[in-house]
Amino acid sequence: MTNDISPQTPVRWGILGTGAIAHRFMTGLRAVADAEVVAVGSRSAATADRFARTWDIPRAHATYADLAADEGVDIVYVATPHNIHHQPTVQCLQAGRHVLCEKPLAVNAGQAAAMVEAAERADRFLMEAMWTRFAPATHKVRDLLAEGAIGEIRMVQAGIGGRMDYDPQGRLFSPDLAGGALLDVGVYPVAFASMVLGAFTSIQAQAHKAPTGVDSQVAMTVTGSGGTLGVLSCSIEAPIPRRADIVGTRGSIALTDWFCPTGLVLHREGADPERYDYPHTANGFEYEVMEVHRRLRAGERQSPLMSWRESVRIAEALDAARERIGVAYPGEHT
């Protein structure tokens with residue numbers, strides 16, 4: 001592996017996609033001192049120019065291909081909806097750009113594996129932007145679990161959801177756009193359980209479906225090694241409280257807004273609760289940016305906190321859950 005970014009120079013970012021998540025990402029990225037956004041790419045000159053003016057970005061590209069070909073860009077943040085993750089990511093990797101791709105990495109495990117293969121062949125960095133993994137509060141959770149603060153892990157519970165207006169043509173409800181609660185927000189509890197429990201040995205799921213046939217809410221149970229369990233839920237029908245609990249034989253850890261937490265409460269058996277607070281420097285996106293910079297400057301091609309294998313494993317779990325509830329997307333396996 002080669003370190004192709006000097007420690008003395010900023011990491012030069014390109015933004016692919018100009019929707020709401022791209023604006024939120026820019027807020028976090030601008031809080032990282034050694035990050036510089038030099039280009040943006042969109043599907044039209046008008047949207048690229050508008051985003052560039054908003055954030056004072058010097059170069060605006062009217063196509064994703066033009067951004068991928070921009071040799072002044074070190075790494076591209078793929079901010080498109082997840083049904084448009086696979087092709088632009090592979091295009092950027094093949095053009096020599098490193099890539100940070102929004103979650104879920106892909107529509108299915110086949111696409112995710114192809115993206116990983118493209119990164120490996122191009123010798124480029126690739127990471128799924130699962131911001132949960134990089135928050136300081138999540139680092140504290142991993143430390144507490146490693147030191148056995150709550151004993152032997154037995155169960156994880158996590159849920160997330162919101163009530164979204166039904167639009168059969170919109171990205172949340174259209175099968176053609178890989179809609180549904182599971183891929184939009186369900187990836188969060190699945191990834192959280194995977195972080196805590198490791199590889200799943202079984203997955204069960206039930207769902208309620210929207211009139212378009214995609215899942216509008218899903219309840220899942222997953223099993224880890226040694227009989228550990230995960231009870232997971234997601235919805236685009238109702239505001240599920242954003243709470244997660246990790247339960248062990250001698251205590252538990254509770255997190256609110258756990259998908260990018262700013263604190264946690266540790267309950268040790270027989271002791272008073274211990275609260276830990278980790279307010280964000282900006283909005284939480286800054287931590288995944290800092291992780292990318294650490295790995296790039298070390299010449300690494302993946303992060304151990306969100307490895308290629310982990311992303312493919314999460315995609316496989318989402319595939320299995322969709323199989324259980326009978327949701328497939330037109331042409332996804334052709």
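Two strands count as paired if DSSP finds at least two bridges between them, and the strands themselves (E, at least two residues) and helices (H or I, at least four) are DSSP runs, numbered from the N terminus. The model here is a predicted one, so local features need pLDDT of at least 70 and side-chain atom pairs count only at pLDDT 80 or more, while totals for chains, interfaces and linings use all residues. Residues are numbered from 1 along each chain as its sequence is written, and side-chain values use heavy atoms, with hydrogens and water left out.

On the strand side, β9 (residues 215-223) has a partner in β8 (residues 202-209), antiparallel and joined by eight bridges. Ala 205 sits opposite Met 220 of β9. The β8-β9 hairpin has five residues between its strands, and Gly 213 there takes a positive phi near 100°.

β9 also runs antiparallel to β10 (residues 229-235), this time with seven bridges. Val 218 has Cys 234 in β10 as its bridge partner. Again there's a hairpin with five residues between the strands, and Gly 226 in its turn has a positive phi of about 70°.

Now the helices. α5 (residues 109-122) packs on α9 (residues 308-325) at about 165°, with the axes 8 Å apart; axes are lines fitted to C-alpha atoms over the stretch in contact, and angles run from 0 to 180 degrees between N-to-C directions. That makes the pair roughly antiparallel (over 145 degrees). In contact (heavy atoms within 4.5 Å) are, among them, Val 116 and Glu 120 from α5 and Trp 308 and Asp 319 from α9. The contact residues divide into eight nonpolar, no polar and three charged, with Ala, Val, Leu, Ile, Met, Phe, Trp, Tyr, Cys and Pro taken as nonpolar, Asp, Glu, Lys and Arg as charged, and the others, Gly among them, as polar.

Key: Angles under 35 degrees count as roughly parallel, over 145 as roughly antiparallel, 65 to 115 as roughly perpendicular and the rest as oblique.
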